[in-house]
Amino acid sequence: MIKTDRRRFLIGASVAALASTTSIKFAFAADRKALKIGVNGLPSSLEPINGISNTGPRIINQIFDTLLRRDYFADGAKGNGIKLMPALAESFERIDDKSVRFKLRQGVKFHNGTEMTAEDVAFTFSSGRLWGDEAIKTVPNGRNFSPNWDEPVVEDKHTVVLRTKTPSYLIEKYLGSWLGPIVPKEYYKSLGAVAFGNKPIGTGPYKFKELVANDHATLEANESYWGEKPTASSITYQVVAEPATRVAGLISGEYDIITTLTPDDMALIDGYDDLETRGTLIENVHMFTFNFNNPAVQSKALRRAMSLAINRPLMVEALWKGKASIPNGFNFPSYGASFDPKRKPMEYNVEEAKRLVKESGYDGKPITYHTMGNYYANAVPALMMMIEMWKAVGVNVVPTIYAPGTTPKDSDIMIRNWSNGQWLTDGLTTMVSEFGPGRGIQKRWGWKAPIEFNDLCDKVAQLKDGDERSAAFNRLRDIFEDEAPAVLLYQPFDVYAARKTVQWSPVSFETMEFRGNLNFK
Amino acid sequence: MTGFILSKAVRAFAVLFSTALFVFVVLRFSGDPAERMLGEFATPEAQAAFRTLWGLDKSIPEQFLIYLQHAIQGDFGKSFADGRDVFDIITQSIPKTLTVSVSAFIIAILLGIPAGIVAAIRRDSAIDRLVMATAVLGHSIPMFLVGLIFIFIFAVWLRVLPSSGSSTWRHAILPIATFALYNAASISRFARATLIEVLEQPYIAAARGDGIPPSEIILRHALPNAAIPLVTMLGILATSLLGGTVLVETVFAWTGIGAQFVRAVGQGDLNVVQAMILVFTVFVVMINLTVEILYAFLNPKIRSQQ
């Protein structure tokens, strides 16, 4: 017989009442799992700009928010959407061709409990932190990744105007890129950029807990996140540099997700019932480029011949199991309005290549091609295939493979391989940002671009999307293919693997997105 | 003995100084750290600011003098990569490496020497062949591959041990086993060969003729005479305790000094690289010094010469 009394009843009722208000939270916390990811490396710094690399954004993206967020899954996109959604900015309006006003979401707190205000946003994009002569000493790439910023203007606690000195209709896109994470002004200034990178604070769904260099980084759920609550209790990024060990760690159950595999690993992993690979084309392009200061590769006809001699579909089939993608020129779907879906494919024409080699007056002397091992996936086998293709048209290329940690002298280089992440959802990256006037290929590597190319670069940087801009981009692509300051190869395919119980999809840029994209079965 | 130690110390100092100078100069010619650290996208202005910040814009002799001045006071500078004190990076990673390497070394000695003795005593028997076959296999399979085989057996197949990381004692088992197997194989082969050579000496035959029991011949006559070459060999192996675990650390994602060294080399983090090479050198010099002192204790002839 169940006995009860008034005291017990009151205690029971109190517990029930308390439980009714907190049960969801308790259940939520209990259901959440710690996510463990086996990664190829960690960034040295989690300062958002200094951490830009192929390992940094996947962590930085969880700690920080941006004013506008790229929604990779918008409108049913499968991880490659480019739509920008309001995030820390509740709304925004373009004032003119150089400025945009942002109304900030109110009540958003940094992980240390201070409120995020317009002062923090203004500081984030100020010359003092990002692009000025002093900032370059501690945030070296801030200016390089920036548009032509002017100082931001704070209108009130929750309103800020971001401005550029020259017209730019890309301000919004920059804010949704890896340039955009908002940092807390006072905390950042009290530590300085370097120390901030070892103990970062943002407004994101996960809080920084620990970074042990070259070993692991741990984040924990930010319970007071302003957006959709984080679905993992913590995220640990464990460095496992050796790919075979990463795969073993996934099979043995130590990791929920592993990163940075190649298509060759897919069959093994997909053979396990509880595991699967999840791959995606990433917004990056493998290429090789020239040192124009070296007479050996100054002939446009020779460079063009080397491009025409490459059988890209064969390379994609042999090295990437058909999963890499060959772009139609410097032209990717992630460019949005500046992508031309009708552009013709890059040409493969052995006979024309032979004719151009003859025309170039190439004397058969060996041309060196530098690659830092397989730093870029499949770099060495790709080079070996191309050497044979070039041999078939009469060009003698010899490989120079150098070790990580060494950098050959510029003057020793004739050709080198390279990859460019297309980090802005616009055609400006990287045909303009790397090959344009004053940029590395012209300034450092000596490419004397046609005047028309440089004029068009200035034009597309300032024009609004539309027919005129699209036509300018297509003309730039024509000049690029004719001049061949670099030869594009393919868009690589990035492979992850995960437990089937982890509902998560990779996205098309070198980052990981867990907002609305992580659940455990 | 004091004079002996002093002369060795002077020699050790000369080795350290010349290593520091050599490494410093070679690293300055191995490429531009500004480019390695800041990446391809960095502007020339940013690279110039980086060089000024770290004093890389000064002449190499000037840089070396500044470096020496600080190093003498125990200040090896800061990491180019994350601004951490190089001394802290090294002191934090050495214990991790030594946990694996010293444990493995002790296990290797405990396995290798008895195995070598048994194989020598039972020469040409089935036990000898089994021990030597195992030793040859252990020594000839690359450590990297042994590590992956262990991972496959114990982490993937049996699922009893973790494959990577360094957060618990269980994570240390496979790296220790891998490093121990490799060293035990070397030790057992060498112990066997040395002991066989000693057992063929006339004084051993004489001892046998005198009717001394075999166990006493081994313990009192053979082993002490085999000790010096064995100590020399153990000394050579011991020099790899700090820097020799690079492969094991890479395979098992064990963040010791080897893994940190690989990272620093890859990034062009010169302050960390040169300090680590100096630490490796100090370690090797100390091991060599210890071995030479041990010789003096083990061999009265060497002691009397000094």
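Author: What follows is a dialogue that takes up each of these topics in turn. This is a predicted model, in which local features need pLDDT of at least 70 and side-chain atom pairs count only at pLDDT 80 or more, whereas totals for chains, interfaces and linings use all residues. Residues are numbered from 1 along each chain as its sequence is written, chains are lettered from A and ligands numbered from 1 in the order in which they are written, and side-chain values use heavy atoms, with hydrogens and water left out.

Reader: Into which domains is chain B divided?

Author: The bounds come from an automatic or database domain assignment, and here they give domain 1 (2-72) and domain 2 (86-299) of chain B. The C-alpha centres of these two domains of chain B lie 32 Å apart.

Reader: How many residues of domain 1 of chain B are in contact with domain 2 of chain B, and how much area do the two domains bury?

Author: The size of an interface is often given as the accessible area lost when the parts come together. With contact meaning heavy atoms within 4.5 Å, 19 residues of domain 1 of chain B meet 17 residues of domain 2 of chain B. The buried area (accessible area, 1.4 Å probe, that two parts lose on being put together, summed over both) is about 1,600 Å² for these domains of chain B, with 72% of it on carbon and sulfur atoms.

Reader: Which residues form the salt bridge between domain 1 of chain B and domain 2 of chain B?

Author: A salt bridge is a side-chain nitrogen of Lys or Arg within 4 Å of a carboxyl oxygen of Asp or Glu, and the count between these domains of chain B is 1. B:Arg11 forms a salt bridge with B:Glu292, the closest N and O atoms being 3.1 Å apart. On the side of domain 1 of chain B that touches domain 2 of chain B, the elements that give two or more residues are α1 (2-28) and α2 (33-38) of chain B, where helices are DSSP runs of H or I with at least four residues and strands are E runs of at least two, numbered from the N terminus. Of these, α1(B) gives the most, with 13 residues.

Reader: How many residues does the contact between chain B and chain A take, and how much area is buried?

Author: The contact takes 43 residues from chain B and 37 residues from chain A, and the two chains bury about 3,300 Å² between them, 52% of it on carbon and sulfur atoms. The count of salt bridges between chain B and chain A is 1, and in it the side chains of A:Lys443 and B:Glu45 meet at 3.4 Å, N to O.

Reader: Which sense, parallel or antiparallel, do strands β4 and β5 of chain A take?

Author: Two strands pair if DSSP finds at least two bridges between them. Strand β4 (residues 89-96) and strand β5 (residues 99-104) of chain A run antiparallel and are joined by 6 bridges, with A:Arg94 having A:Val100 in β5(A) as its bridge partner. A hairpin through 2 residues joins β4(A) to β5(A). β5(A) also pairs in the antiparallel sense with strand β7 (residues 159-163) of chain A, over 5 bridges, and the bridge partner of A:Lys103 in β7(A) is A:Thr159.
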